[in-house]
Amino acid sequence: MFSNDQTLHKRFQRNLLSSAVMLASLSMGVPGLSFGAEGDVAPASNNTQSQNSISITPDADTSQQIESVVVTSRNREELAQNIPVPVSVIGSKQLDRDGIVSVDDLTRKAPGLTATTPNARRTGISIRGIGKASGNDNMEAAVGVIVDNVFLSHVGMSYQDFTDLDRVEVLRGPQGTLLGKNTTMGAINYVSKLPSFKPQGSFEVEGGLNKEALKLKASRSDALIDDVLAYRASVFVDQQQGDLKNISPLGGNVHEKNRFGGRLQFLWKPTENLNIRLNLDEAQSKEYSNTKPFMIDPLTFADGSSRTASNKLTYTSRLARDYFGGYVPVVGDRSWNEIDVAQLRPLITNNSGESLTIDWDLGDLTLTSITAGRKLHFDANNDSDQTKFDINQGGTLVDHEQFSQEFRLTSAPSKVLDYQVGLYYLHDSTESTSRTLFGQDAGAFYASNSQYSSLKSNKYLLSSSLNQVYSTTLTTPQTDSVAAFGQANWHLNDKATLTFGLRDTNEKKSSDSQKNASFYDGSALVSTGNAAADAIRASQLGTVYGLVHGQDINNNSVSWLLSPSYQLDKDVLLYASASSGQKSGSVQFKSNGTPLNVDPEKSLDFELGVKSLLLDKRLLLNVNLYQTTVKDYQATTSILDSTSSTGYSSVLGNIPEIRARGVEVEGSYAASHDLNLNFSLAYNDAIYSDWSTATCPAEIVSVAVCNNTGKQVVGAPKVTGVVGADYQTHLGFGGLSFHSYVNAVARTSQNLESQLSIYGRQAGYTLVDGGIGVVGNYNKNKFEVDLIAKNLFDTKYTTSINGFSNSSPVGYDGIGARRYIGLVFKTKY
């Protein structure tokens, strides 16, 4: 079921489709037009001038050698094998081949990268099991996401399809001295294809074979004024039928995709020494996707005692009341395929931005200015109870804006010293409104046993206790961040280099909070005239409070890096590094409005690695050892809360210390002219080295505090392995080639519930993607037809689990997409 209930949405989508078709056909009739080589772009790179760019001179016979990869992970063009940083690079060919457009797709390629993406606000990204953020607009992620040199200050901005990319770089370990603020665990660096002064274009369309789907991508680039002004335009549409059948009378499917957007770039070269790039983008999604299938509603606590003894209640026992007429909710194995949602609303996410990048070549120096603004709009309306009844609709409305300005001065490569220095400013502001609307059946569901018994004969009073009662909680966090940074490479001799960097950041943060309650029409709440009915309402509303100003933060932090490296020979690099970073604190509030700030998070990291090209450059093999210690780790956890209707509250707090230690192996092998293999393996021993005062999970009632010291970190599998193969060979007729590929990622078991509940365990699983196709040329235009599969063996898994409460079962808030098979046609012209 596609979201098509608004005329404006339909019109915008048709316009996108029309634009894509126009882009695809725009030069088809021009004689002699051909598609340029991959990476044939304007002379200047994203970050530096042409005279500083990498020049690769191939050996005489490179048909069976690993291709050199250029990255800008350190804000200048460098060969990936020459930088002392553990980085995974996914190039445009692999991105296009495997249909990698989202953060979730990247987790199947980069070792140590995991993510949960149920929606924009609850998106969480971690590297080495550390860094996930979810459902808190005051919290900043430890894994930075950077798009075309612009740091995204809200993790929800990464909830979109990224297309028309040159590459994606996933950097592991602290990157705070260069790449934006708070990148204490790593960064994902997206790099778009640049405008070209030579005409080039692409068009791709895909249809689903086992489920309804329409996916479209198109781009076009050319000179508007030869060697002076060029443009690049791209659009995408991504629609896919949902995996979960809605069995309510409303019908349809849930957990779908419905996304569309585009990017427009202009590159202006008024002189040989000056490059100016304007980058405009917008991405929208309107999806019936924000689901949390209920899997388990335990009958007993861990000690064997009944969960319904002594008038206690569960989700299932509430719905077993006479009021609900014998209704049986969807809980358990059925939830992998079905869901029951009567109050279904689409989840809306809009991402947009603009940036102006100026590179001015001053000879031995390049001055770069990056001015950018971005907006995120998020609107969730969830059927929180997931039944056919009108009980509870809830969701958060978020409007987030950011403005950033960065100045960098970059020296040209030197035999002795090359460096970067810069200034960075970021302002962001958010309005986050949590909303809960109770329906006519809410009173019968939320009443205690005694309240229900006293009111069940008077259904009017039972209903009026909560019917149309509307509660909102507004928070307004703001941040002003100013930083000065520098990083230098001191070449001690032809082989030895010492890299050192420093970043000093000052941040000012503030936030207000306010909780209101009324009827949905805005009128004031009035008593029902019955004490039991009023008590039901009071229990669900909790504490209502006026405007509260939080405890302001004015914090200064320092990030540093020290990294020696040694080029053993032209194909082997040895390196080590020590670095430290800090993620700023957060202005927070308790559920009753009392300020409760969160302390800064501090990391100390050590890396030891080797990068090598072996077997006459046919084998790339990189090995990295690491140890990371994080003190005052920021995490969203549950705490006991007698004022909450569930008995718990979800808050952002500090875990005293965690430690991650492991090894990462990454490589590729050119087995023959036709066959390429790639592989990676990550072993990650990530534990809570100090968390002796954790709130116990809900199944433990005998004690309130649990000692989680020594236990594996939430969402951190100990072993992750990725293996892939790509085969292409000429068929010997018609200029056609046969192409096939396969990619598999395997993860060992992990606990995904924030309090390490026994119900939070996700067993180990493997995901396999692949495809076969034919590649050819027609009228000088390259084309390809592929049959592709994602999650070929239809593996059932989740990336996030919510523990149970007295009104909700264990929910799999982050189930993965099921098997998808599609037919793809693509062309480059």
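Buried means under 20% relative accessible area. The legends below use the word in that sense for a predicted model.

**Figure 1. Overview of the whole protein.**
The predicted model holds eight helices and 44 strands. Its C-alpha trace spans about 90 × 55 × 45 Å along the principal axes. For 829 residues, a compact globule would have a radius of gyration near 28 Å, and the protein agrees with this at 27 Å. Of those 829 residues, 58% count as buried. The exposed surface comes to about 32300 Å², with carbon and sulfur atoms supplying 56% of that area. Among contacts between residues at least 6 apart in sequence, 70% join residues at least 24 apart. The side chains include 73 positive and 84 negative ones, and the centres of these two sets lie 4 Å apart.

**Figure 2. Helix α8 and the elements that cover it.**
Helix α8 is formed by residues 531-541. Its buried residues are Ala 532, Ala 533, Ile 536, Arg 537, Gln 540 and Leu 541. Which elements cover these buried residues of α8? Among them are the strands β23 (417-438), β24 (469-475) and β27 (512-519). The cover also includes the helices α5 (442-446), α6 (449-455) and α7 (459-464).

Thr 387 lies in the loop that runs between β21 (382-383) and β22 (392-411). Is Thr 387 buried or exposed? Its relative accessible area is 0%, so Thr 387 is buried. The side chain of Thr 387 makes a polar contact of 2.5 Å with the side chain of Asp 385. Leaving aside residues up to four places away in sequence, Thr 387 touches Tyr 315, Leu 319, Tyr 327, Asp 340, Val 341 and Ala 342. Gln 386 lies in this loop between β21 and β22 too. Gln 386 counts as buried because its relative accessibility is 7%. The phi of Gln 386 is near 55°, a positive value in a residue other than glycine. Most residues other than glycine have a negative phi.

**Figure 3. Asp 616 in the loop between β31 and β32.**
Asp 616 is placed in the loop between β31 and β32 (619-640). Its phi is near 55°, which is positive although the residue is not glycine. With a relative accessible area of 60%, Asp 616 is exposed, the cut-off for exposed being over 50%.

**Figure 4. Ser 586 and its surroundings.**
Ser 586 is found in the loop between β30 (572-583) and β31 (601-614). Because its relative accessibility is 2%, Ser 586 counts as buried. Its side chain is joined to that of Gln 588 by a polar contact of 2.7 Å. What does Ser 586 touch, not counting residues up to four places away in sequence? These residues are Asn 138, Met 139, Ile 553, Asn 597, Val 598 and Leu 652.

**Figure 5. Ser 192 and Asp 148.**
Ser 192 lies in strand β9, which covers residues 186-192. Ser 192 is buried, with a relative accessible area of 2%. Although Ser 192 and Asp 148 are 44 residues apart along the chain, their C-alpha atoms are separated by 6.5 Å. The side chains of Ser 192 and Asp 148 are joined by a polar contact of 2.8 Å.

Where is Asp 322 found? It sits in the loop between α4 (315-319) and β18 (338-339). Asp 322 is exposed, because its relative accessible area is 64%. The C-alpha atoms of Asp 322 and Lys 456 are separated by 8.6 Å, while the two residues are 134 residues apart along the chain.

Notes
Residues numbered from 1 in each chain as written. Predicted model: local features only at pLDDT ≥ 70, side-chain atom pairs only at ≥ 80, totals over all residues. Heavy atoms only, no water. Buried < 20%, exposed > 50% of the residue type's maximum accessible area, 1.4 Å probe, protein only. Helix = DSSP H or I, 4+ residues; strand = E, 2+ residues; numbered from the N terminus. Contact = heavy atoms within 4.5 Å. Rg over C-alpha atoms; globule rule 2.2 N^0.38 Å. Areas by Shrake-Rupley, 256 points an atom, 1.4 Å probe, with all protein chains shown as cover. Lys, Arg positive; Asp, Glu negative; His and termini not counted. Charge placed at Lys NZ, Arg CZ, Asp CG, Glu CD. Polar contact = N/O pair within 3.5 Å; in protein donor to acceptor, adjacent residues only side chain to side chain.
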